[in-house]
Amino acid sequence: LSLAARRQLTPVVQVFSDLGFSRNSGTFPAIGLSSTMATLPASAPTNPFQQAIRVATPTTSIDGHYSSTGVTYRAVGGVISALPADWKLEADASWIRYHLDWQAPPSLAATAAPAYAAGLLNPLRDPQLYPLDLSPYFLPPTEGPQSVYQRDYTLRFSGPVGQLSGGAPRLSGLLERLEQVYGAVDYMSAGTFYYMPQTAQLVQSAYLEARIPLFSEVNRRRGLEELELQLAGRVDDYEVDGSNTFIPAGATIVRATNRMRSTNPTIALRYKPVPSLMLRGSYGTGFVPPSPSQTAPNPPQTSAGNYFDPRRGNQILGTFTTYSGGRSDLRPEESTSWSAGLVYSPTFIPRFRVSLDWLQLKKKDNITTLSGQVILNNEDLFPERVTRGANLPGDQPGWAGPVTGLDFSVINVA
C-alpha cells in the first residue's frame, strides 16, 4: 500500500511525500537433513564400521518448516528547488520501521547422543520400513521477533561549472546522515532463552562527482566522437554501537563502539572513436565496516561432539568451550576494482546492441566466520583458534592433546 503526493508551490519549488505500508509472509519446508545430524560412535551396537560416523536420517517425526512475517512502514518527505544557472537542489528525509517475526524448525537435542550410542536409535535401517521416531529428542523451534528503525536525511545538488570546448562540466554532490537502530530481541534457541541488546549505527557521508566532457558533438573530430572523464570521491564516517548477541540469562552484556572513516575515489573514462562504438573503463575503491553484531564477543558456551579431530585419529571431540560473536580488533573490508568494456551498436542493424565487459575486484580483510571442522582441518593456519589440553593416558604417539576450546568468532581473511 502506498500513497504519494507532489505539489508545485512556486515555479521553482516543489514538495513531495510518500507513505507506504507492506506485509510479507512466507512458509516453506526445511530442505536438508542438518536438523537430524548426529554422531554414531564406533562403540554403538548398531555401527558396523568400527569407527565413528556422522548420520542424518530422514524422518516424519517433525514437520520442519521456516516461517516469517515482515511488516514495513515508510514515510518520506522532501523539497526540490530549481536554482539559478541551471542548478538544482533536493532535500529529503525518510523514516522506516521494519518488524520481523520468524520461526525456524526444531533441531536435535544432546539427549539423542546417548540413545544412538546405546543402540536405542538405529539410523542405518531403511527409514521406510523402520521409521525413526526422533520426536522425543527434538528441541523446541527457534523463534523471535525483531524491529529495525532507520532515519535518513539527504541533501543533493547538481549543476554546471564553467565551460569547456566539449561542453559544460557538471558537478553533483550528496550530504547524508543515516541512523540505523536494531531493536533488542528476546528469542528462544535450542530450548534456551537468549537476549540480543539494542545496537545502532550512524553513517555520515559526503560525495562529490564531476563529469567533464572533453569532446562531444559540439567539438568532435575524426576518431574523437566523444570523450568524457568522471572524477568522484566519497567520504564516510562510521560510528558503530555494537554488543554481543548470543546472551543467555545471567550472562554479561558486552558493549563496543567503533569509529572509523573511509575515503574512496572513482575515476572513469568514456570514449567513442566512432558513433557505433563506445569504450569505457573505471577504477574505484570500496569499504565495508564491521556491523554492530561483529564488534563484541559472545559469552563462552560449552559444547560436545559434532566435529572430528584430524590430529587425534579423527576422534569425535569431547566436551569443549566455544567462543563466538565479534571481535574488537576486527578490521574493515577494503576493495579495489578495475573495469573495462565496450558497447557496439552498428548502424546497419536497427536496435541492435552488444556489450562486453571485464571486471576485476580485489578484496582485503574479508569478514567471515569459519566452521569448527574447517578450523580443525586447517589448524596450522589458525593455531590461535584451537585450544588443547595435555595428552591423555593411552594416546597414540604423535597425537595432539584433546581440544578444550574452539574460537568461532568472526575473522578477517584474504
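Q: Which kind of link joins the side chains of E334 and K364?
A: They meet in a salt bridge, 3.4 Å from N to O. Bear in mind that this is a predicted model.

Q: Where do E334 and K364 lie?
A: E334 is in strand β20 (residues 333-344) and K364 is in strand β21 (residues 354-364). The pair therefore ties together parts that are 30 residues apart in sequence.

Q: OK, and is E334 buried, partly exposed or exposed?
A: E334 has 33% relative accessibility, so it counts as partly exposed. K364 is also in the partly exposed class, at 44%.

Q: How many salt bridges does the structure hold?
A: 25. One of them pairs D18 with R74, with the closest N and O atoms 3.1 Å apart.

Q: Why does that D18 and R74 pair tie together separate parts of the sequence?
A: Because D18 sits in strand β2 (residues 13-29) while R74 sits in strand β5 (residues 65-83), the pair ties together parts 56 residues apart in sequence. R74 is partly exposed, with a relative accessible area of 28%.

Q: What does R170 form a salt bridge with?
A: With D86; the closest N and O atoms there are 3.6 Å apart. R170 lies in strand β8 (residues 170-182) and D86 in the loop between β5 and β6 (87-104), so that bridge ties together parts 84 residues apart in sequence.

Q: And how accessible is R170?
A: Its relative accessibility is 35%, so R170 counts as partly exposed.

Q: Switching topic: how many residues are in the largest nonpolar core?
A: It has 14 residues. Those with the most contacts inside it are L108, Y116, L121, L134 and Y137.

Q: Which elements give two or more residues to this core?
A: Strands β3 (37-40) and β4 (53-56), plus helix α1 (112-117). The largest share, three residues, comes from α1.

Q: You listed Y137. What is it in contact with, leaving aside neighbours within four places in sequence?
A: Y137 is in contact with S107, L108, A109, T111, A112, A115 and L121. Of these, L108 and L121 are also listed among the residues with the most contacts inside the core.

Q: Which residues does the second, separate core include?
A: That core has twelve residues, among them F320, I375, L376 and I411.

Notes: Residues are numbered from 1 along each chain as its sequence is written. This is a predicted model: local features need pLDDT of at least 70, side-chain atom pairs count only at pLDDT 80 or more; totals for chains, interfaces and linings use all residues. Side-chain values use heavy atoms; hydrogens and water are left out. A nonpolar core is a set of buried Ala, Val, Leu, Ile, Met, Phe, Trp, Tyr and Cys residues joined through side-chain atoms within 4.5 Å. Buried means under 20% relative accessible area, exposed over 50%, partly exposed in between (1.4 Å probe, protein chains only). Helices (H or I, at least four residues) and strands (E, at least two) are DSSP runs, numbered from the N terminus. Contact means heavy atoms within 4.5 Å. A salt bridge is a side-chain nitrogen of Lys or Arg within 4 Å of a carboxyl oxygen of Asp or Glu.
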